[in-house]
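Reader: I'd like to learn how to read a model like this one, feature by feature. Can we walk through it together?

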There are 2 protein chains.
Amino acid sequence: MKIEKINIDQKLKKINEHWSPRVFAEMNDYQFKLAKVKDEFIWHKHEETDEAFFVINGRLTIELKEEKVFLEKGEMVVIPCGVEHRPFAEEECEIMLIEPKETVNTGNIISEMTVKNDQWV
Amino acid sequence: MKIEKINIDQKLKKINEHWSPRVFAEMNDYQFKLAKVKDEFIWHKHEETDEAFFVINGRLTIELKEEKVFLEKGEMVVIPCGVEHRPFAEEECEIMLIEPKETVNTGNIISEMTVKNDQWV
């Protein structure tokens with residue numbers, strides 16, 4: 001078995017779309033995903049799982065119903081299962097997501113922003 | 001419920017020991033841990049889980065039985081369940097680990113390098 005290391009910046013360079021997370025590694029039944037994001041996402045929640053957001057480059061705001069979480073490069077937050085949230089980035093921002101394999105980007109909502117799961121970079 | 005963001009560098013500044021992973025966040029039944037490491041760890045494996053290593057600062061070598069994985073800042077690797085490995089850092093290196101809550105740092109081996117689990121930073 002060949003065990004390959006992954007370079008985050010090299011993977012990010014291959015991503016051209018916004019709000020379309022790409023899987024770059026798996027651990028047990030979890031996936032590590034990278035995404036470029038800009039402007040507003042939609043309000044949604046994940047009923048079945050927590051979701052971890054790391055900011056690799058840029059600034060990300062995660063709007064919650066009663067507060068906002070402002071994340072800069074090198075910062076992370078875990079949005080608990082069932083908590084409605086809306087990510088937002090004024091300028092393009094590069095993020096890492098960690099969540100179970102079957103997690104859909106728009107959670108409980110199906111919209112034009114819902115993307116196919118399990119797309120690798 | 002207050003949802004707190006976490007700044008990785010600020011957490012790292014609070015860690016003084018080598019090879020003693022500190023939990024800084026949880027997602028479902030997984031934990032995010034930070035560690036400062038230097039010199040050789042021991043050979044071990046995790047029979048029950050894969051283990052993700054991210055290099056935050058510095059360089060980390062993960063020796064496997066038939067190869068070595070050389071990681072620099074911004075690189076990661078997932079060591080699969082059951083694969084014997086030995087991390088090594090020539091100079092002090094700062095890493096993030098992601099693994100299930102109950103994961104012991106020395107896996108299947110109990111040694112003087114085994115540390116108490118679930119220590120937070």
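Predicted model: local features only at pLDDT ≥ 70, side-chain atom pairs only at ≥ 80, totals over all residues.

Reader: What rotation superposes chain A on chain B?

Author: A rotation of 180 degrees, with 0.0 Å of shift along its axis and an RMSD of 0.0 Å. The two copies are thus related as by a two-fold rotation axis.

Reader: And what are the confidence scores, ipTM and pTM?

Author: The model has ipTM 0.96 and pTM 0.97. For chain A, the mean pLDDT is 97, and 99% of its residues reach 70 or more.

Reader: Why can one say that the copies meet through the same surface?

Author: Compare the two lists of interface residues. Here 100% of the interface residues of chain A are also interface residues in chain B, so the copies meet through the same surface.

Reader: Which strand of chain B pairs with E1(A)?

Author: For pairing, the criterion is at least two bridges found by DSSP between the strands. E1(A) pairs with strand E7 (residues 75-79) of chain B in the antiparallel sense, over two bridges. If you want a spot to look at, Ile6(A) stands opposite Met76(B) in E7(B).

Reader: What about hairpins within a chain? How many residues lie between E2(A) and E3(A)?

Author: Look for paired strands, then check what links them. E2(A) and E3(A) form a hairpin with two residues between them, and Asn28(A) in the turn has a positive phi of about 55 degrees. Strand E2 covers residues 22-27 and strand E3 covers residues 30-40, and they pair in the antiparallel sense over five bridges. One place to check this is Val23(A), whose bridge partner in E3(A) is Lys33(A).

Reader: And which residue in E6(A) stands opposite Arg59(A)?

Author: That's Glu72(A). Strand E5 (residues 59-64) of chain A runs antiparallel to E6(A), with five bridges joining them. Here too the strands form a hairpin, with three residues between E5(A) and E6(A).

Reader: Is Asp39(B) buried or exposed?

Author: Count the other C-beta atoms within 10 Å: 20 or more makes a residue buried, 12 or fewer makes it exposed, and anything in between is partly exposed. Asp39(B) has 12, so it is exposed. Asp118(A) has 13, so it is partly exposed.

Reader: Now for the inside. Why does Leu34(A) count as buried?

Author: Because Leu34(A) has 23 other C-beta atoms within 10 Å. Leu34(A) sits in strand E3 of chain A.

Reader: What does Cys93(B) touch?

Author: Leaving out residues up to four places away in sequence, its contacts include Val37(B), Lys38(B), Val55(B), Asn57(B) and Leu60(B). Cys93(B) lies in strand E8 (residues 85-100) of chain B, and with 23 other C-beta atoms within 10 Å it is buried. The C-alpha atoms of Cys93(B) and His18(B) are separated by 9.3 Å, with the two residues 75 apart along the chain.

Reader: Last one: which residues touch the most other members of the largest nonpolar core?

Author: Of its 54 residues, they are Phe53(A), Leu60(A), Ile95(A), Phe53(B), Leu60(B) and Ile95(B). Take Ile95(A): leaving aside neighbours within four places in sequence, its contacts include Ala35(A), Val37(A), Phe53(A) and Leu60(A).

Methods. Residues numbered from 1 in each chain as written. Chains lettered and ligands numbered in written order. Least-squares fit on C-alpha atoms with pLDDT ≥ 70 in both. Contact = placed C-beta atoms within 7 Å. pLDDT = per-residue confidence, 0-100. Helix = DSSP H or I, 4+ residues; strand = E, 2+ residues; numbered from the N terminus. Core = buried A, V, L, I, M, F, W, Y, C linked by C-beta atoms within 7 Å.
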